[in-house]
Amino acid sequence: MTDYPDYIISLLGEELPEFHGSVSPPIFATSNFFYSSSDDMQKALENESTTPFYSRGVNPTLALLSKKMAALEHTEQALIFSSGSAAIAAGIMAQVGQGDHIVCIEKPYSWTKYLLSEYLPRFGVSHTFVKGIEASEYESATQENTRLYILESPNSWTFEMQDVAAIAKLARKKGIKTLIDNSYNSPLHFTPADYGIDLVAHSATKYISGHSDVVAGILCCSQEDYDLIFRQEFMAIGSVASPFSAWLLLRGLRTLSLRMEKSAAQGKALYEFLKAHPAVAEVYYPGHHNDRQKELSDHYLKGISGMLSFTLVEQDPTKIRRFVDNLELFRLACSWGGYESLAFPAIVLPTSANYQKAPFPPNMIRISPGVEEIDLLKRDLDHAFDKIKN
Ligand SMILES: *Cc1c(COP(=O)(O)O)cnc(C)c1O
């Protein structure tokens, strides 16, 4: 299906003498590093962004993950954070100051939305949300003080695709930076840097971990952006991942290609199943909604990941709850990209807090298929559909 690069499971970055040939790379559980002379110590400090000195900066286990992620995303560098939100926030905050403006797609990840709508205005940073399928929408929203375009192609609830290359080209022309949340695609299905995107963010909590057992984030970028962000947000705010989290992600990368292939197959099968189901009103899946969306997903994505959403024909809240409460294999949880199947019903989203106010209808359900047999997953959904039959 996809030409998965084999260096995910190869030895890239692992042949260090200090690893002693260990087949699985070691976890450097140390907060800092010692030197045999003040000269050496001084040199290490001068090169704190590339040399192990203090583990909030560079730690060999995290450095190995950085190397692999940068290779996968076709960027020069990668920074590892304690969460996807930390990676996104650092990437955004590094690009703006008081009086600056950001253009962002209208339905980004909820905490990205919070950062823009509630947090950054405190520091005089404004924003405009745009549907953002085409570059022209970014262009119309651009002001003299616009410094950053934020993308998510597709986003993680309704899966609209954007014309990433055209948006990146427009940004470059105007001297505006671009940041994309690539969590849904993983680097195996889409490498935005190839299309001119500057900063590629991941919630590594999802597909890169693949086992719902770690919260972490990654920001892939040029050496120049790395140097800037390392010096500012990375060291000063300090939301660094632990060596153990980084090690779990290294382990996740070893099976990423297998898992993404399975995820894509499961998602495709469920998409076909739900699309044809009489109890389903609408399905949300990259490329589904119209010819333009199909064109964009065919053009940009090497594979379509497994997560998707659908709305029930049923609108009655009691029945929506009955449907989701009757799912057994799909367990009710908020995350995605793990080994187990999860369902996130929009009906549980808060309606009061502005930043998370659901832009999604209560009859919408997002599902992340795990590795279970596809017939069992379909049967699970059918069983729940039966429970709300009139
Ligand atoms: C989960 C998620 C994030 C945030 O990542 P955390 O690791 O939870 O901080 C960002 N973007 C998307 C699309 C996500 O699903």
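These legends accompany a set of close-up views of the structure above.

This is a predicted model, in which local features need pLDDT of at least 70 and side-chain atom pairs count only at pLDDT 80 or more, while totals for chains, interfaces and linings use all residues. Residues are numbered from 1 along each chain as its sequence is written, and side-chain values use heavy atoms, with hydrogens and water left out.

**View A. The five-stranded open sheet.**
Let us begin with the sheet. Its five strands follow the order E8-E9-E12-E11-E10, with mixed pairing. E8 and strand E10 (331-332) stand at the edges with a single partner strand each, so one side of each is left without a neighbour in the sheet. Helices (H or I, at least four residues) and strands (E, at least two) are DSSP runs, numbered from the N terminus. Two strands pair if DSSP finds at least two bridges between them.

**View B. Strand E9 and its two partners.**
Here we zoom in on E9, residues 308-312. Strand E8 (residues 280-284) is joined to E9 by four bridges, and the two run antiparallel. Across this pairing, Val280 stands opposite Leu312, and Glu282 has Thr311 as its bridge partner. Four bridges also join E9 to strand E12 (residues 364-368), again antiparallel; there, Leu308 stands opposite Ile367. How many of the five residues of E9 are buried? Five of the five are, where buried means under 20% relative accessible area, exposed over 50%, and partly exposed in between (1.4 Å probe, protein chains only). Leu308, Phe310 and Leu312 point one way from E9, whereas Ser309 and Thr311 point the other way.

The largest nonpolar core has 90 residues, and Ile92 and Ile218 have the most contacts inside it. A second, separate core of 24 residues includes Leu274, Phe310, Leu312 and Leu381. A nonpolar core is a set of buried Ala, Val, Leu, Ile, Met, Phe, Trp, Tyr and Cys residues joined through side-chain atoms within 4.5 Å. In soluble globular proteins, nonpolar side chains tend to be buried together. Look around Ile218, leaving aside neighbours within four places in sequence: its contacts (heavy atoms within 4.5 Å) include Leu65, Met69, Ile80, Val200, His202, Ile208 and Leu249.

Asp181 places a polar side-chain atom 2.6 Å from a nitrogen atom of the ligand, and Thr205 has a polar side-chain atom 2.6 Å from an oxygen atom of the ligand.

Thr178 lies in strand E5 (residues 177-181) and counts as buried, at 1% relative accessibility. Beyond its neighbours within four places in sequence, Thr178 is in contact with residues including Leu148, Tyr149, Ala168, Ile197 and Leu199. Gln95 sits in the loop between helix H3 (84-93) and strand E2 (101-105), and is buried at 12% relative accessibility.

**View F. Cysteines without a disulfide.**
The whole structure has zero disulfides, a disulfide being a pair of cysteine sulfur atoms within 2.5 Å. Cys104 is buried at 0% relative accessible area, whereas Cys334 is exposed at 55%.

**View G. Some backbone details.**
Ser153 and Pro154 are joined by a cis peptide bond, with omega about 0 degrees; Pro154 lies in the loop between strand E4 (146-151) and helix H6 (164-174). His20, a residue other than glycine, has a positive phi near 55 degrees. His20 is found in the segment before helix H1 (38-46) and is exposed, with a relative accessible area of 73%. Ser212 has a positive phi near 50 degrees; this serine lies in the loop between strand E6 (199-203) and strand E7 (217-221) and is partly exposed at 42%.

Key. Polar contact = N/O pair within 3.5 Å; in protein donor to acceptor, adjacent residues only side chain to side chain.
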